[in-house]
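Notes follow in the order I took them.

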Amino acid sequence: MVEMAAAMSRLGTESAFEVLARAKALEEQGRDIINLGIGQPDFKTPPHIVEAAVAALRDGHHGYTPAGGIPELRRAVAADVAKRRGVDFDPSQIMIVPGGKVTMFFAILMFGEKGTEIIYPNPGFPIYESAINFSGAKAVPMPLHENTGYSFSADEVLGLITPRTRLIIINSPANPTGGVVPRAEIERLVAGLDRHPQVAVLSDEIYSRMLYEGREHVSLLEFPSIRDRLILLDGWSKTYAMTGWRLGYGIWPKGLIDAATRLAINCHSCVNAATQFAGIAAIEGPQDAVDEMVRAFDERRKVIVGELNQTAGVTCPDPGGAFYVFANITGTGFKSAALQDRLLNEAGVATVAGTSFGRFGEGYIRFSYANSTDNIRRAIRRIREHL
Ligand SMILES: Cc1ncc(COP(=O)(O)O)c(C=O)c1O
């Protein structure tokens, strides 16, 4: 009998992928499934980005690249960060990785081990908790509250820090809630971190371009007091509808970039070359497609929030960003997982149970509105019929 390492039993998963597989299986049986489960834009990657990758392949970019990414792409990211976040970085601090997840996994592996603690958002992106458990560290949930638009309370987070805390993970705009942490709360957290200089911060800003009703993106990069211990995670997947390309970046403090690069060399060597050229075209090319996608999401957001709030037993706060709503379903009398299964199997609507995002997600369902307004309306009609 083969015997796996004990850590494997602690590794979780991302249920959205399981829901997707079940939805596909039902479709193959001829069922009509409306997918409000998946966390990816339903748009195609803009053509000029695709063409840049095709040209790179034709131009013979077929080999390994430096582990941190091709210099042109790192420079393009540095220029974009300077423009959008108002902070200048040396491109050598930027590591190009195959998707946003990689920065997260590396940061957690770098700090997590037995006897340490990592604070992470709950409900939150499931890989945080999974990777923390895998690392051997204690996963300490940072509760996000519906009544504050799913923001954290800085005082509550600071109260969770112990001498064993190595890393705090922040995600705004957030998956699964769409929540956006207000500037004042971020400022209070950053000020409080002065008292805990041993704590690093991972700021997952993968939804930074998806904000609604004039909300501003507050990047943790703005705060010089934590810059030497801040890891910033961003990427192309959501902003440019490029989830399948596998392209993301991390900005690492000077003291950590070598360790991150060693992890990359041990793991994936580099991101495929053509994808990196696509990444340059995305950043440096026209941004109209991004604006158009965000405008479409905004319209759908209003539709889904309105429709869900008119559904018996369901309440749905207005999310400030990303493309998810996290609806409170306690009034339906169902538990989250039971309702998710019922909606998929009986109503033909794929959603994700709140509990897939941590134990504080009980009583909630995540709906992704990366689908047409017609489909959203149709889905809600079906849901009403089945409740
Ligand atoms: C909060 C958050 N961070 C990171 C990621 C990972 O993005 P990528 O597909 O680029 O790995 C996701 C994807 O759903 C996400 O929701």
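**Helix α5.** I began with α5, residues 126-135, and found it mostly covered, with seven of its ten residues buried. This is a predicted model, so I am reading a prediction here. Which residues of α5 are buried? I listed Pro126, Ile127, Tyr128, Ser130, Ala131, Ile132 and Ser135. Next I looked up what they pack against: helix α4 (100-111) and the strands β3 (117-122), β4 (138-143), β5 (165-171) and β6.

**Two cis bonds.** A reminder to myself: most peptide bonds are trans. I found a cis one between Asn122 and Pro123, with omega about 0°. Pro123 sits in the loop between β3 and α5. Another cis bond joins Ser172 to Pro173, and there omega is about -10°. I placed Pro173 in the loop between β5 and α7 (183-193).

**Ser208.** Pro173 turned up again when I checked the contacts of Ser208. Leaving out neighbours within four places in sequence, Ser208 is in contact with Arg85, Pro173, His217 and Asp234. Where is Ser208 found? It is in the loop between β6 (200-204) and β7 (230-235). Buried or exposed? Ser208 has a relative accessible area of 11%, and the cut-off for buried is under 20%, so I put it down as buried. Its side chain makes a polar contact with the side chain of Arg85 at 3.4 Å. I also wrote down a polar contact with the side chain of Asp234, at 3.2 Å.

**α3 against α9.** Arg85 falls in helix α3, residues 71-85, so I went there next. The axes of α3 and α9 (residues 273-284) come within 9 Å and cross at roughly 25°. Angles under 35 degrees count as roughly parallel, and α3 and α9 are therefore roughly parallel to each other. I noted the crossing of α3 and α9 as left-handed. Which residues meet? From α3 I have Glu72, Leu73, Ala76, Val77 and Asp80, and from α9 Gln276, Phe277, Gly279, Ile280, Ile283 and Glu284. By type, the residues of this contact are six nonpolar, two polar and three charged.

Most residues other than glycine have a negative phi, so I looked for exceptions. Arg246 has a positive phi, near 65°. I found Arg246 in the loop between β7 and β8 (248-251), and at 33% relative accessibility it is partly exposed. Ser269 also has a positive phi, about 70°, and is not a glycine. Ser269 lies in the loop between α8 (257-267) and α9. With a relative accessible area of 32%, Ser269 is partly exposed.

**His386.** My last stop was His386, in helix α12 (residues 373-386). At 23% relative accessibility, His386 counts as partly exposed. Not counting residues up to four places away in sequence, His386 touches Arg342, Glu346 and Ala347. With Glu346, I noted that a polar atom of the His386 side chain lies 3.2 Å from the backbone oxygen of Glu346. How far apart are the C-alpha atoms of His386 and Ser356? I got 22 Å, for two residues 30 apart along the chain.

Note on methods. Residues numbered from 1 in each chain as written. Predicted model: local features only at pLDDT ≥ 70, side-chain atom pairs only at ≥ 80, totals over all residues. Heavy atoms only, no water. Axes fitted to C-alpha atoms, helices over the stretch in contact; angles between N-to-C directions. Helix = DSSP H or I, 4+ residues; strand = E, 2+ residues; numbered from the N terminus. Parallel < 35°, antiparallel > 145°, perpendicular 65-115°, else oblique. Left-handed = near helix turned anticlockwise from the far one by under 90°. Contact = heavy atoms within 4.5 Å. Nonpolar A, V, L, I, M, F, W, Y, C, P; charged D, E, K, R; others polar. Buried < 20%, exposed > 50% of the residue type's maximum accessible area, 1.4 Å probe, protein only. Polar contact = N/O pair within 3.5 Å; in protein donor to acceptor, adjacent residues only side chain to side chain.
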